[in-house]
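Student: I would like to learn how to read a structure step by step, starting with the words I need. Could you take me through one?

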Amino acid sequence: MKKLFTFLLFLGTPAFAQQVYLPHEVENKAEPAGGLAALNQFVSSNLQVPFSSSVKGVNGRVYLKGVVQPDGSMSDIEVTRGIDTLCNAAAVNVLRMYRAWRPATLGGQKVRQTVFFPVTFKADAKPTYDTARRAFVDYFNENFVPIDSARAKYRRTMPVDERGFVSGDVAYEEAMRRKWKRLGEAKFAKTPIRYKSRFVNPERDSIPAYRISARDYNEASHATEVTFDSDGHMLSYVEYGVDGKASLIKDYDLTGMVRHQQLLTDSLVTDVYWDSNGQIRAHRDFPINKMGVKDEPFLMNSWGSDGTQYVKNGEGYWRAVGETPHGKWLFEQGKVVNGIKDGKWSGKLADSTQYYEEIYDLGQFKSGISWVNGEKTEYTKPQVQPEFKGGIKEFYKFLGMNIRYPSAAARSGVAGRVMLSFVVCEDGSMCEYKVENRVGYGLDEEALRVVKLMNGKWNPGELRGQKVRVKYNVPINFQIETSHQMIINR
């Protein structure tokens, strides 16, 4: 009899584990580990609205039903009410990627539970898309502000593929006597590159990839740039405005999940990281200084792998993943007060090797020690930005002595702010020049010409006592007084 009882118990346990419960049938309901707001943010960052739907405009919800498993994943996802085939598939895909559910429990055991979740699609119609030409045709006034075609001074034609990514040269034209005269173009390119990402084969230096872009001869970007690996997996996405300035950056892993996202404005960069299961891990805000360089971040929110929030609205104990200058995982922790560091902070590599220790007093750095390749280094500043030799006064003196206001801009009374970027290497040399926002009339070319003359005139940046490559931004403001004298704004 005892053997029969044991046999029946053995049969019953799998049946209990395989049963799917409804929310009202469990003791603790299944829920996103970091809360509903974290799941909504994940969906917002990862949802790819199908191009054909976004062009026509879409405003609706796809209602999904799935089963949250004991391991935090969701299976058996199906559409209970949808929008169209493509939107329905996109909704299922984004929810399938999220594997950071806190499973339901019953009788002290994790059990399977049905969950209902709506995915919202919202995209305004894009009337400037020309179906016959498979291109966006946009019209602008003399200040390059979008306007209707009847009153337009300029026209831009941007060919795109079935996903909405640029697929040909971006052409610019000017209205001349009721005809459109070609001004120039940004050349489309599918460029082979080596791509390094800690989200894709992190143990390797780089992998073969290609980038699609439309850049002019100043390397200014005129369309969203996307990088793919050799198998077509999207690795990065950079969105640019009409002026060529980046506004959104996303880094992906090979599952198609966004692992790192940056929202960029003139004054702030909002930086967010996710784990491989979709659990949000860190949110930092970087103020942008007057030179266009990111200052020390405000540490706003951090979560553990189980969804426990350690720092909320700038208060708590930070436990989050960062990276070293060489792309290795860096696990950092320390006290946060009003978004700034306080007390003892430490960072370790993935193998638990100590990387640094630092002391802060309400954001004021006191001391620091780093260990890089077995070498111990003490430092008085955690981060040192690259600096023009002689300081900021010499920098502006150099600009004033070398910049020549382009005649075309002077005749037209054109002024503006050109933002350039470049990389200052460990030895102080410069490379990777790029116009980050465009003004035109020769101002971009002149600013780039003068910045290239600065090669060899910079002291390199440092991070925790080690010289590192640093991307640096330089804003150059052109203004003309009524006497046509040039002013370079500080």
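Tutor: Let us begin with a definition: helices and strands are DSSP runs, at least four residues of H or I for a helix and at least two of E for a strand, and they are numbered from the N terminus. Please also keep in mind from the start that this is a predicted model. In the chain there are seven helices and 36 strands, and along its principal axes the C-alpha trace spans about 105 × 65 × 40 Å.

Student: Since the model is predicted, what pLDDT does the chain average?

Tutor: The general idea is that where pLDDT is low, the predicted coordinates should not be read in detail. Here the chain averages a pLDDT of 90, and 94% of the residues score at least 70. Over residues 1-15, however, the pLDDT is below 50, and this stretch has zero contacts in the model beyond near neighbours in sequence. Residues 482-490 also have a pLDDT below 50, although that stretch has 20 contacts in the model beyond near neighbours in sequence.

Student: Where is serine 352 placed, and what is its phi?

Tutor: The general idea is that most residues other than glycine have a negative phi. Serine 352 has a phi near 75 degrees, which is a positive value in a residue other than glycine. Serine 352 sits in the loop between strand S24 (340-349) and strand S25 (354-361).

Student: Is serine 352 buried or exposed?

Tutor: Serine 352 has a relative accessible area of 54%, and because exposed means over 50%, this residue counts as exposed. Glutamate 432, however, is found in strand S31 (residues 430-437).

Student: How far apart in space are glycine 374 and glycine 390?

Tutor: Those two glycines are 16 residues apart in sequence and 34 Å apart in space, C-alpha to C-alpha. Glycine 374 is found in the loop between strand S26 (364-372) and strand S27 (375-379), and it is exposed, with a relative accessible area of 77%.

Student: What would a buried residue look like by contrast, and what is phenylalanine 388 in contact with?

Tutor: Phenylalanine 388 counts as buried at 7% relative accessibility, and its place is in strand S29 (residues 387-388). Leaving aside neighbours within four places in sequence, phenylalanine 388 is in contact with Glu394, Phe395, Phe398, Met454, Lys457 and Trp458. For the chain as a whole, 47% of the 490 residues count as buried.

Student: At what angle do helix H5 and helix H7 pack?

Tutor: The general idea is that two packed helices are described by the angle between their axes and the distance between the axes. Helix H5 (residues 392-402) and helix H7 (residues 443-452) pack at an angle of about 125 degrees, with their axes 10 Å apart. H5 and H7 are therefore oblique to each other, and their crossing is right-handed. The contact is made by Phe398, Leu399 and Asn402 of H5 together with Glu446, Arg449 and Val450 of H7. By class, these are three nonpolar, one polar and two charged residues.

Student: Why is H7 said to be largely enclosed by the rest of the structure?

Tutor: The reason is that seven of the 10 residues of H7 are buried, so this helix is largely enclosed by the rest of the structure. The buried residues of H7 are Leu443, Asp444, Glu446, Ala447, Leu448, Val450 and Val451. What covers them includes H5, helix H6 (407-412), strand S30 (416-424), S31 and strand S35 (470-480).

Definitions and conventions: Residues are numbered from 1 along each chain as its sequence is written. This is a predicted model: local features need pLDDT of at least 70, side-chain atom pairs count only at pLDDT 80 or more; totals for chains, interfaces and linings use all residues. Side-chain values use heavy atoms; hydrogens and water are left out. Buried means under 20% relative accessible area, exposed over 50%, partly exposed in between (1.4 Å probe, protein chains only). pLDDT is the predictor's confidence in each residue, from 0 to 100. Contact means heavy atoms within 4.5 Å. Axes are lines fitted to C-alpha atoms, for helices over the stretch in contact, and angles run from 0 to 180 degrees between N-to-C directions. Angles under 35 degrees count as roughly parallel, over 145 as roughly antiparallel, 65 to 115 as roughly perpendicular and the rest as oblique. A crossing is left-handed if the near helix is turned anticlockwise from the far one by less than a right angle, and right-handed if clockwise. Ala, Val, Leu, Ile, Met, Phe, Trp, Tyr, Cys and Pro count as nonpolar, Asp, Glu, Lys and Arg as charged, and the others, Gly among them, as polar.
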